[in-house]
Amino acid sequence: MTSWCVLSTRCEQFLFCNLWPAPCPTWQTKVCRKHEDSSFMRFSSMHLPTLKEVPSEAEVVSHRLMLRAGMIRRLAAGIYSYLPYGLMAIRRVENIVREEMNRAGAQEVLLPAVQPAELWQESGRWDFYGRELLRLKDRHQREFCFGPTHEEVITDLVRHEVRSYRQLPLNLYQIQTKFRDEIRPRFGLMRGREFIMKDGYSFDVDDAAAGRSYQLMREAYSRIFSRCGLNFRAVEADSGTIGGSFSHEFVVLADSGEDAVASCSACDYAANIEKAESRVPEAPAEIVEDLPAPEAVATPECAAVEEVAAFFQVAAGQIAKSMIFESDLGFCMVVVPGDFEVNEVKVRAALGAEWLEVPPPARVAEELGLPVGYLGPLEVSVPVLVDRRIPLVGTFVCGANRAGYHLRNVAWGRDLKADRLYDLVTVRPGDPCPRCEGKLRLDRGIEVGHIFKLGTKYSEKLKATFLDAEGEERLMIMGCYGIGIGRTVAAAIEQNHDENGIIFPWALAPFKVALLNLDPKSEEVTAAVETLYGDLEKRGVEVLYDDRGERPGVKFKDADLLGIPLRLTLGRKGFKKGIIEARSRNGVHDLELPLADRTPLWDLLRDLEADDSRLSSQ
RNA sequence: CGGGAUGUGGCUCAGCCUGGUAGAGCACUGCGUUCGGGACGCAGGGGUCGGAGGUUCAAAUCCUCUCAUCCCGACCA
């Protein structure tokens, strides 16, 4: 072992050492124990319980593989222990996040996990956050919660410390465990209740400065996920009830993802399905001359759009689909073309409502006297929101607000009018892009990061103010920036695996090399492997040395399962030929290296690392 | 929250319908044989069947309650 630590990625102290890669003053005097202890491991002494069988709890690939690879174990619903190998992967992501956040000028803090109720009452979220907030009482019956997020705490901290514009901008972040009492935790680390999250908060003097902070974070996030070797998209997202003008989600593309992303095949437009828009042709509504007045037609058993369309022998797009919603602002009706789905997030945004739901038909009948299945926008007592595609439909069929009847010959502009039109539908694959002539496609994805421009929502509630250059008291403009650390590891596995196990991207791989000794009983083979192990160690290559007395098949299976990028194999056969077998987990490289000369090995390792960064920059 | 299902050694599951006092495979321990893609034999250790109550001479098995976990849904005019 060298007299200083030559590694960078695993050592937290590296972050404070500007002299790297030259020997740093701290390490010149001592060996970095961390690397000695964990980056070079003998399989026989590592707690790495791999599983041949799959525990029945696991549904998605990443969950299954993380259990099988001995990375995590479940303690309770949505609550997991991180085992050594899993923690190593988590730390890889954390450290990339740290480096990029620091590079972008943010500073790390660590905030309390348990937070007093008063703070949440002050922001108004104690009542609003609902059942997802895990509430606790201390021995004095004082109320607390286990932090699901830290806007309140950070704002409280900053309001006490920051008084002057000279102290801004400020960007603080932390990496810690949070708890959200999810309705339905699932998919292992993908949607846990307890999870590790990086959350950062920026404070700025004005909107323009806040915009710069936001942009910096956006760039930092792109670098982070690129470095993690992920195929991701930064998509426009609904800022939800948090408000604010900007919000981007960082979504890793994967079929098992819970989110849907619409993106343009021609330009770089990409948005969460909840927010995505499509272009509506400008074609004016065709006024049909001498169109007869709306006529009620008996349509028994025709509640669904398809049934109505079949009955009238028209396309679904010629039907106006009407739905009743209930929100904190009361009931309303939404009208969209029958071949589109209503997008509740857009409806809520259009209304400016806090919450929104579809009331059960019985409730609609009781409260409004309307028959669900035969609803229409004519002569109803509730506000009607009309989608901007309705005018294009022109003449349409809709419910008669009378069970078993629909109206035909209903004309936009004559029978139905609206002061304002809204975009209320979910885009479909093939719909025209709102920005260019391209078409939209839909992909599944996993949200691993989300950045918001918060504005003054929290600074106002919690009175986080400062004095500007003119001595005026002003509210700080905030932004918040989250990354799901565990979810990022899970997403990386979703995106990089095969039937044999994980295929870790280089940057996330806890070990870069799996060194297999196929003949641990042979002294000469073992001696050669030990020498190689020592050389790798000296070189600073993180290696898992499989020195177990297992049969070869077991070692191959485990190496594949663990997803270590490069596998080096030495057995009696290779030893006689004077070669080591080298095979990359991704199947790109499969070659024999001379046992006597290390140079080709170092070259191969350099290539592998380079391949990986090339991949991730695409 | 609604619907469905499941809880039996560390893991995967059988047994339950037709009550009679617990079984297989994997894993683990020992010995031997094996040894380049999750070996085999022999010998072992380990569970009182999620919990509580009830029926019964007798309950993993039947009944009631309860807890936990998993899956699906919460887009329908």
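Biologist: How do you know that strand 20 and strand 21 (residues 405-411) pair, and in which sense?

Modeller: Strand 20 and strand 21 share four bridges, and DSSP has to find at least two between strands for a pairing, so the two qualify. The sense is antiparallel. Gly399 stands opposite His406 of strand 21. This is a predicted model, in which local features need pLDDT of at least 70 and side-chain atom pairs pLDDT 80 or more, while totals for chains, interfaces and linings use all residues. Residues are numbered from 1 along each chain as written, chains are lettered from A and ligands numbered from 1 in written order, and side-chain values use heavy atoms, without hydrogens and water.

Biologist: What makes strand 14 (295-298) and strand 20 (395-399) edge strands?

Modeller: Strand 14 and strand 20 each pair on one side only. Their open sheet has three strands in the order 14-21-20, with antiparallel pairing. From one strand to the next, the twist averages 30°. Strands here are DSSP runs of E with at least two residues, and helices are runs of H or I with at least four, numbered from the N terminus.

Biologist: Which residues of helix 4 and helix 8 meet?

Modeller: Ile96, Val97, Glu99, Glu100, Met101 and Arg103 of helix 4 meet residues of helix 8 that include Met217, Tyr221 and Arg227. By class, this contact of helix 4 with helix 8 has seven nonpolar, no polar and five charged residues.

Biologist: Why is Ile72 called buried?

Modeller: Ile72 has a relative accessible area of 0%, and buried means under 20% (exposed is over 50%, partly exposed in between, with a 1.4 Å probe and protein chains only), so Ile72 is buried. Ile72 lies in strand 2 (residues 72-76). Leaving out residues up to four places away in sequence, Ile72 touches residues including His63, Met66, Leu67 and Leu189, where contact means heavy atoms within 4.5 Å.

Biologist: Which residues of helix 3 (residues 61-68) are buried?

Modeller: The buried residues of helix 3 are Ser62, His63, Leu65, Met66 and Leu67. Among the elements they pack against are strand 2, strand 3 (79-82) and helix 16 (552-562). Just after helix 3, Gly70 has a positive phi of about 65°.

Key
Ala, Val, Leu, Ile, Met, Phe, Trp, Tyr, Cys and Pro count as nonpolar, Asp, Glu, Lys and Arg as charged, and the others, Gly among them, as polar. Axes are lines fitted to C-alpha atoms, for helices over the stretch in contact, and angles run from 0 to 180 degrees between N-to-C directions.
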